[in-house]
Amino acid sequence: MRVQLDRFEDGWAVLLLYPEGRKTFGVPREILPDGAAPGEVFEVRFERDAAETARCAAENRRLLEELLGRSGEEDEL
């Protein structure tokens, strides 16, 4: 996916989908390379991280069980 830097606003970079330019979205300015300027076009990639996703899911389950007062083991009836 390509985006074009439209402008900076209040610490955010406003990006346009390129070349269509019909949709905009903001990202924190600091994630762009130093010296980025309006009009520049950037290549953006999203890559899945299956291992980190699994780690987050396990942590979320653990926290939920903790909040619900469970030990993680099934209670016997």
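A salt bridge is taken here as a side-chain nitrogen of Lys or Arg lying within 4 Å of a carboxyl oxygen of Asp or Glu. In the predicted model, the side chains of Glu43 and Arg45 meet this criterion, with an N to O distance of 3.3 Å. Glu43 is partly exposed, at a relative accessible area of 49%, whereas Arg45 counts as exposed at 62%. Arg45 is placed in the loop between β4 and α1. Although Arg45 and Arg2 are 43 residues apart along the chain, a separation of 8.7 Å is found between their C-alpha atoms.

The structure holds 6 salt bridges, and the pair formed by Glu43 and Arg45 is one of several that can be described individually. Side chains of opposite charge can pair when their charged atoms come close. Arg7 is bridged to Asp6, the closest N and O atoms being 2.2 Å apart. Both partners are partly exposed, with relative accessible areas of 34% for Arg7 and 32% for Asp6. Asp6 and Arg7 also belong, together with Glu9, to a network of salt bridges.

A further salt bridge joins Glu59 to Arg62, with 2.8 Å between the closest N and O atoms. These two residues are 3 positions apart in helix α1 and are therefore separated by about one helical turn. An α-helix has 3.6 residues a turn, so residues three or four places apart point the same way. Glu59 is partly exposed at 30% relative accessibility, as is Arg62 at 40%. The helix itself, α1 (50-67), comprises 18 residues and reaches 26 Å from its first C-alpha to its last, close to the 26 Å expected at 1.5 Å a residue. Just after α1, Gly69 adopts a positive phi of about 75°.

The largest nonpolar core consists of 8 residues, namely Val3, Leu5, Ala13, Leu15, Val27, Leu32, Ala36 and Phe42. Strands β1 (2-9) and β2 (12-18) each contribute at least two residues to this core. In soluble globular proteins, nonpolar side chains tend to be buried together.

Met1, Phe25 and Phe46 make a nonpolar surface patch of about 340 Å². Phe46 lies in the loop between β4 (41-43) and α1, and the residue is exposed, with a relative accessible area of 71%. The loop that holds Phe46 is also the place of Arg45.

Most residues other than glycine have a negative phi, and most peptide bonds are trans. Asp10, in the loop between β1 and β2, has a positive phi of about 50° although it is not a glycine. The residue is exposed, with a relative accessible area of 80%. In the loop between β2 and β3 (24-28), where Pro19 is located, the peptide bond from Tyr18 to Pro19 is cis, with omega near 10°.

Terms used:
Residues numbered from 1 in each chain as written. Predicted model: local features only at pLDDT ≥ 70, side-chain atom pairs only at ≥ 80, totals over all residues. Heavy atoms only, no water. Core = buried A, V, L, I, M, F, W, Y, C linked by side-chain atoms within 4.5 Å. Buried < 20%, exposed > 50% of the residue type's maximum accessible area, 1.4 Å probe, protein only. Helix = DSSP H or I, 4+ residues; strand = E, 2+ residues; numbered from the N terminus. Patch = residues over 30% accessible without salt bridge, like charges linked within 9 Å, V, L, I, M, F, W, Y side chains within 5 Å. Areas by Shrake-Rupley, 256 points an atom, 1.4 Å probe, with all protein chains shown as cover. Expected span 1.5 Å × (residues − 1).
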